[in-house]
Amino acid sequence: MRQQEFLALLIFSTLFAVRRGGRPEKIGAIALFAGALISFLVVRPQGLRFRHIETGIFMTDIALLGIFLWLTFRSTRFWPIWISGLLGAETLVHLGLIVAPQIHWEAYLDATALWSWLIQLMLVIGTWRHQVRLMQNGRDPPWRSDIN
């Protein structure tokens, strides 16, 4: 049930950001959707999942962290900072399993999943804030170089 609910949130946040967001929101949405798809494809088979570090998901999270750090430094938006922080925390969860391999697999699964929900919510909030700025100012420059 939890997977279906997350899939619904992922689809909603992606469509909302792609339709209503500026360039940074669209890049973020596509990156997060691709990251979720890649994570689904690289996770170990049922029964073996999260028993050891999920290397494919870990590498995907690192790539996403790089994208969102780039958005943080390049865009005028604040929300990529939050997503970068959440992705950093998610990355630490993977590293935590290396340090403490006795952690129960369900705790590892839940700890990695928690950040994904919050990340999607940050994207929705960031897209909504973009719409508010557009209504208030008539424009919302996406990149630091676009600011007069």
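Analyst: The protein exposes about 8,600 Å², and carbon and sulfur atoms supply 69% of that area (Shrake-Rupley method, 1.4 Å probe; for residues, only the protein chains shown count as cover). The model is predicted: local features need pLDDT of at least 70, side-chain atom pairs count only at pLDDT 80 or more, and totals for chains, interfaces and linings use all residues. Residues are numbered from 1 along each chain as its sequence is written, and side-chain values use heavy atoms, with hydrogens and water left out.

The secondary structure comes to 5 helices and 0 strands (DSSP runs, numbered from the N terminus: helices are H or I with at least four residues, strands E with at least two). Buried residues, those under 20% relative accessible area with a 1.4 Å probe, protein chains only, make up 41% of the 148 residues.

Helix α4 covers residues 79-99; at 1.5 Å a residue its 21 residues should span 30 Å, and the end C-alpha atoms are 30 Å apart, which agrees. The expected span is 1.5 Å times one less than the number of residues.

Which residues of α4 are buried? They are Trp79, Pro80, Ile83, Ser84, Leu86, Leu87, Glu90, Thr91, Val93, His94 and Leu97. An α-helix has 3.6 residues a turn, so residues three or four places apart point the same way. The buried residues of α4 pack against α2 (23-42), α3 (55-74) and α5 (105-137).

Methods. Buried < 20%, exposed > 50% of the residue type's maximum accessible area, 1.4 Å probe, protein only. Contact = heavy atoms within 4.5 Å.
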